[in-house]
Amino acid sequence: MRLLRMSNNTLANEVLLSVENTLRSSPFDFQGARIITGQDEGAYGWITINYLLNNFVQDSSVLNLLPNFRKVETSGALDLGGASTQITFVSNEDIESQDNSLHFRLYGKNYNVYTHSFLCYGKDQALRQQLVKNLPSTENSTIFDPCFNSGYRRNSSISELYSSPCVSEYSTLDGPINFEIKGTGNYHLCKANVQSIFNRTHCPYSQCSFNGVFQPVLQGKFGAFSAFYFVMDFLKLTQEKATLDEVKERIQQHCSRPWDEVKTEFPKIKVKYLSEYCFSGAYIITLLELGYGFNADNWKDISFLGKISGSDAGWTLGYMLNLTNMIPAELPPSPPLSHGVYVGLMVFFSIFLVFIMLTCWLGHRKPRCLQKGII
Ligand SMILES: O=P(O)(O)OP(=O)(O)OP(=O)(O)OC[C@H]1O[C@@H](n2cnc3c(O)ncnc32)[C@H](O)[C@@H]1O
């Protein structure tokens, strides 16, 4: 919707109006429809996963009683959509750019959060950018693309390719109107093509991710969801903790498989998704490594998450939690003792009382022989 608003604002408004009309006639307490910002998308995704992972709830009475109790840290959020991608995490460093800085007070604790949303770096728009940046200069109507499995073919047109605002600045009238993309299935060449959409030459801050965007040093664990999960799940890389090299090896193997073989093995998966797993795998590695700065050491800090406790990881739950004030800024007043400690103390004092009473009774009782007058 953010892209549509850029290319055709009237159409974007018509979509919103249609959504409004439909939801107004539903039994929900409809409060309006709007296009959220990229920053909101990052923030709500971060709230969702930390809420579902129980990272916000810190029982202060338990913390006081157990000096070695590990303080719950929040997890960073990595979201990969079709049009945009977001990175959000708590940072102890100075956030040099205001646009990337968020402050939350949740359950009585302050969080300084870094977030950035890269529009045009969702996996569909990144594929489009990659194609445009690597178009051959000749007027050939066949384009060989290493990011598709060998034997794969797809028809496209110049008008379709340049229809997105992410690439319209490169639009050219040269070249064929219609063309065919033919896969050559080469992971290393694909990765080189993908790298061309990341600009790391300028940085107006002390440190950047890419395209001149500020990013502090990566901090803590990360949960990666949406398309990060869909793609890694297909490649069977979400359960086991594979090293970065093993992950690259798995993607390379997938890219080198002939398309016919892939299609026969997975007849039920949508052709659009299936044909793009080689590109998507290479893109995810490049985004995480070259873009955000993950490496062989901190790769283990990323978990690929589909559902957490039965709920989808994504921005929508976080949005709802915020709108309905389900996460209060302050901790609800807690009793001085936790329930467990209270019950424990009650049992202890009851036993102690019984013990005292028993001791008194035994101490004041006359021996039986005395009672009967026998010495
Ligand atoms: O925030 P934006 O960028 O608009 O993203 P979106 O709303 O399109 O993003 P989703 O999380 O719904 O999906 C992310 C992308 O993953 C794609 N996708 C969905 N299911 C998939 C699957 O099973 N395998 C591969 N890709 C999938 C989908 O087409 C999108 O391109």
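Trainee: Which helix holds glutamate 41?

Mentor: Let's start there, keeping in mind that this is a predicted model. The UniProt annotation "active site", from an unreviewed entry, covers Glu41. Glutamate 41 belongs to the helix spanning residues 38-52, and that helix is H3.

Trainee: Is glutamate 41 buried or exposed?

Mentor: A residue counts as buried if 20 or more other C-beta atoms lie within 10 Å of its own. Glutamate 41 has 25 other C-beta atoms within 10 Å, so it is buried.

Trainee: Which residues does glutamate 41 touch, not counting residues up to four places away in sequence?

Mentor: One of them, Trp315, is in helix H12. With residues up to four places away in sequence set aside, the residues touched by glutamate 41 are Ile36, Asp79, Gln86, Ser117 and Trp315.

Trainee: How many of the 15 residues of H3 are buried?

Mentor: Glu41 is on the list of buried residues, which also includes Trp46, Asn50 and Leu52. H3 is largely enclosed by the rest of the structure, because the number of its 15 residues that are buried is 12.

Trainee: How far does H3 reach from its first C-alpha to its last?

Mentor: H3 has 15 residues, and at 1.5 Å a residue the expected reach is 21 Å. After the helix comes asparagine 54, with a positive phi near 60 degrees. From first C-alpha to last, H3 is close to that expectation, reaching 21 Å.

Trainee: Is H3 roughly parallel or roughly perpendicular to H12?

Mentor: H12 covers residues 315-323, and its axis comes within 7 Å of the axis of H3. The two axes cross at roughly 85 degrees. Angles of 65 to 115 degrees count as roughly perpendicular, which means that the arrangement of H3 and H12 is roughly perpendicular.

Trainee: How many nonpolar residues are in the contact of H3 with H12?

Mentor: On the H3 side, the residues that meet H12 include Tyr44, Ile47 and Tyr51. Among those in H12 are Leu317, Tyr319 and Leu321. The contact also has 4 polar and 1 charged residues, while its nonpolar residues number 7.

Trainee: Is threonine 316 buried or partly exposed?

Mentor: Threonine 316 is a residue of helix H12. Inside 10 Å there are 15 C-beta neighbours, so threonine 316 is partly exposed.

How values were computed: Residues are numbered from 1 along each chain as its sequence is written. This is a predicted model: local features need pLDDT of at least 70, side-chain atom pairs count only at pLDDT 80 or more; totals for chains, interfaces and linings use all residues. UniProt positions are given in the numbering used here, feature names are shortened, and annotations may be inferred rather than shown by experiment. Helices (H or I, at least four residues) and strands (E, at least two) are DSSP runs, numbered from the N terminus. Two residues are in contact if their C-beta atoms, placed from the backbone, lie within 7 Å. The expected span of a helix is 1.5 Å times one less than its number of residues. Axes are lines fitted to C-alpha atoms, for helices over the stretch in contact, and angles run from 0 to 180 degrees between N-to-C directions. Angles under 35 degrees count as roughly parallel, over 145 as roughly antiparallel, 65 to 115 as roughly perpendicular and the rest as oblique. Ala, Val, Leu, Ile, Met, Phe, Trp, Tyr, Cys and Pro count as nonpolar, Asp, Glu, Lys and Arg as charged, and the others, Gly among them, as polar.
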